[in-house]
Amino acid sequence: ALTVTKINTCGNDMMLASPLSESAAQPFVPPPELIEPLVPAPPEPIPVDLQLQRAALLALYNGTIGSRWIRSAGWLSAQGTECTWYGVFCNAQGRVTSLDLGGNNLEGQLPASIGDLTNLQFLDLGSNKLSGTLPSSLGNLTGLNHLDLSKNSFSGSLPTSLVNLVNLRDLFLNDNEFTGNVPTQLGNLSG
């Protein structure tokens with residue numbers, strides 16, 4: 001007795017016949033090279049906050065002439081590699097918690113998208129060549145406990161949104177060109 005099995009190879013149906021053994025009638029299993037490969041599942045969508053995080057880091061790189069940074073290993077690499085970039089440190093979920101780019105020759109203005117790095121706890125951009133006014137979006141970084149923007153050329157008044165940084169313990173703004181008064185609420189921070 002024979003068992004007949006229909007298989008499809010490259011869009012063509014084939015019929016295979018195999019003799020039935022006397023002990024058991026088992027279905028024919030075609031060799032692996034005749035089995036059509038499974039289509040891989042589509043990749044998981046990237047969470048919105050990780051997309052914003054990457055965009056903020058790229059805006060920082062591009063807005064501060066990253067091609068002239070002293071150290072920039074990994075920057076501009078593929079999506080999902082951000083936690084391996086020089087000066088970028090992340091938690092276990094891949095959220096940036098620390099950005100340490102002090103003394104790295106950053107030039108230009110701090111982009112407003114820096115405020116999208118909402119998991120930041122440590123931000124050191126001191127001893128660079130940053131200029132212009134501080135973006136009010138810095139106030140979005142409510143988990144920040146260390147902020148060093150010293151020894152740059154920032155100007156204008158300090159944004160009042162800095163009072164939102166309720167966990168701030170270390171604030172370094174010296175050696176800049178700020179004008180006006182320090183928001184009085186900054187003295188109420190208890191971090």
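Visitor: How many disulfides does the structure hold?

Guide: The structure holds one disulfide. This is a predicted model, in which local features need pLDDT of at least 70, side-chain atom pairs count only at pLDDT 80 or more, and totals for chains, interfaces and linings use all residues. Residues are numbered from 1 along each chain as its sequence is written, and side-chain values use heavy atoms, with hydrogens and water left out.

Visitor: What makes Cys83 and Cys90 a disulfide?

Guide: Their sulfur atoms are 2.1 Å apart, and a disulfide is a pair of cysteine sulfur atoms within 2.5 Å, so Cys83 and Cys90 qualify. The angle about the S-S bond is -95 degrees, and the link is left-handed.

Visitor: Why is Cys83 called partly exposed?

Guide: Cys83 has 31% relative accessibility. Buried means under 20% relative accessible area, exposed over 50%, and partly exposed in between (1.4 Å probe, protein chains only), so Cys83 counts as partly exposed. Cys90, at 24%, is also partly exposed.

Visitor: Why is the pair of Trp69 and Trp75 called edge-to-face?

Guide: Rings of Phe, Tyr and Trp (its six-membered ring) pair if their centres lie within 6.5 Å; planes under 30 degrees apart count as stacked, over 60 as edge-to-face and the rest as tilted. Trp69 and Trp75 lie 4.8 Å centre to centre with 80 degrees between the planes, so the pair is edge-to-face. Trp69 is buried at 6%, and Trp75 is buried at 7%.

Visitor: What makes the pair of Phe154 and Phe178 stacked?

Guide: The ring centres of Phe154 and Phe178 are 6.3 Å apart and the planes are at 10 degrees, so the pair is stacked.
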